[in-house]
Amino acid sequence: MRRFLGDTLSDKLEKVVSMDRFRSGRSLSPLRQAEAYWSALRTDDGVPLRSAIDPRGLENILPYAFILERIAPGVARFRLAGQHLTELTGMEVRGMPLTAMFTGAARAEVGAVLEHMFDTPAVAELDLIAERRFALSPLEARMVLLPLKSDFGDTSRALGVIVAEGELGKRTSHSFDVARSQLRDLNGEHTVPPAVIEEVPGLAEEPASFDGAPHLRLVVSRDEA
């Protein structure tokens with residue numbers, strides 16, 4: 001994974017922000033480590049460039065990391081993905097949309113999260129639970145999505161990390177439902193897309209979470225960017 005990432009990133013980077021400067025022992029989870037690395041790359045409280053992400057800075061969490069590319073409203077595909085995602089899905093996910101790893105019922109919400117993350121921009125966190133498989137213990141996961149800018153200056157990339165706990169099973173694919181989703185703007189304040197609030201009653205009790213979203217058309221692109 002490290003070699004693959006290195007082959008696709010610029011060799012002209014002069015500085016790598018090491019994850020070691022953020023760790024206190026090994027107590028921080030991969031999600032928190034990724035967000036600390038992403039925050040260190042920000043300038044003027046803005047969104048970091050995709051080209052600033054260097055795999056050496058994420059060395060300790062590469063199996064859990066992935067890069068997304070926005071290809072349509074509410075749709076983002078995997079450009080790079082660590083081994084942990086392959087184990088979760090039972091397949092190579094590069095080129096596939098993020099929604100492919102979710103149940104049909106969860107895809108609209110995931111699409112709304114993606115759209116808000118890119119447009120605001122915002123940091124997204126999702127608590128996930130896999131569909132129960134016979135003879136396997138429950139599988140839960142946590143995902144963070146951190147917006148990035150392309151070389152053209154648009155916010156159309158994202159650094160993601162997913163960590164699952166539970167029995168994966170051999171050669172078993174898992175589809176996830178969203179148990180809870182949170183969005184935080186770049187100042188750390190919780191936020192919810194207005195269009196989603198209008199469709200879901202009772203969200204005033206917990207503004208950081210939402211369920212459901214306007215209908216989104218799934219578009220899958222196989223060509224390379």
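Reader: What do the side chains of E69 and R79 form where they meet?

Author: In this predicted model, the side chains of E69 and R79 meet in a salt bridge with an N to O distance of 3.4 Å, where a salt bridge is a side-chain nitrogen of Lys or Arg within 4 Å of a carboxyl oxygen of Asp or Glu. The pair links distant parts of the chain, with E69 in strand β1 (residues 65-72) and R79 in strand β2 (residues 75-81), 10 residues apart. Helices (H or I, at least four residues) and strands (E, at least two) are DSSP runs, numbered from the N terminus.

Reader: Is R79 buried or exposed?

Author: R79 counts as buried at 18% relative accessibility, given that buried means under 20% relative accessible area, exposed over 50%, and partly exposed in between (1.4 Å probe, protein chains only).

Reader: And which residue does R77 form a salt bridge with?

Author: R77 forms a salt bridge with E69, and their closest N and O atoms are 2.8 Å apart. R77 is buried at 4% relative accessibility, and E69 is buried as well, at 8%.

Reader: How many salt bridges does the structure hold?

Author: The structure holds 12 salt bridges. A network of them links R32, E35, E125, D127, R142 and R184.

Reader: Within that, what about E125 and R32?

Author: The side chains of E125 and R32 meet in a salt bridge at 2.6 Å, taken from N to O. Because E125 lies in strand β3 (residues 122-130) and R32 in helix α2 (residues 30-41), this pair ties together parts that are 93 residues apart in sequence.

Reader: Switching to strands, how many bridges join β3 to β4?

Author: There are 6 bridges joining β3 to β4, and the two strands run antiparallel; strands are taken to pair if DSSP finds at least two bridges between them. I129 stands opposite E140 in β4.

Reader: What joins β4 to β5?

Author: Strand β4 is joined to strand β5 (residues 155-165) by 10 bridges, again with an antiparallel run, and V144 has V161 in β5 as its bridge partner. The hairpin of β4 and β5 has 5 residues between the strands, and G153 takes a positive phi near 90 degrees there.

Reader: Why is β4 largely enclosed by the rest of the structure?

Author: Strand β4 (residues 140-149) has 7 of its 10 residues buried, so it is largely enclosed by the rest of the structure.

Reader: Last one, what does the whole chain look like?

Author: The protein chain comes to 5 helices and 6 strands, which follow the pattern α-α-β-β-α-α-β-β-β-β-α along the sequence. Of its 225 residues, 49% count as buried. Among the contacts (heavy atoms within 4.5 Å) with a separation of 6 or more, 64% come from residues 24 or more positions apart.

Terms used. Residues numbered from 1 in each chain as written. Predicted model: local features only at pLDDT ≥ 70, side-chain atom pairs only at ≥ 80, totals over all residues. Heavy atoms only, no water.
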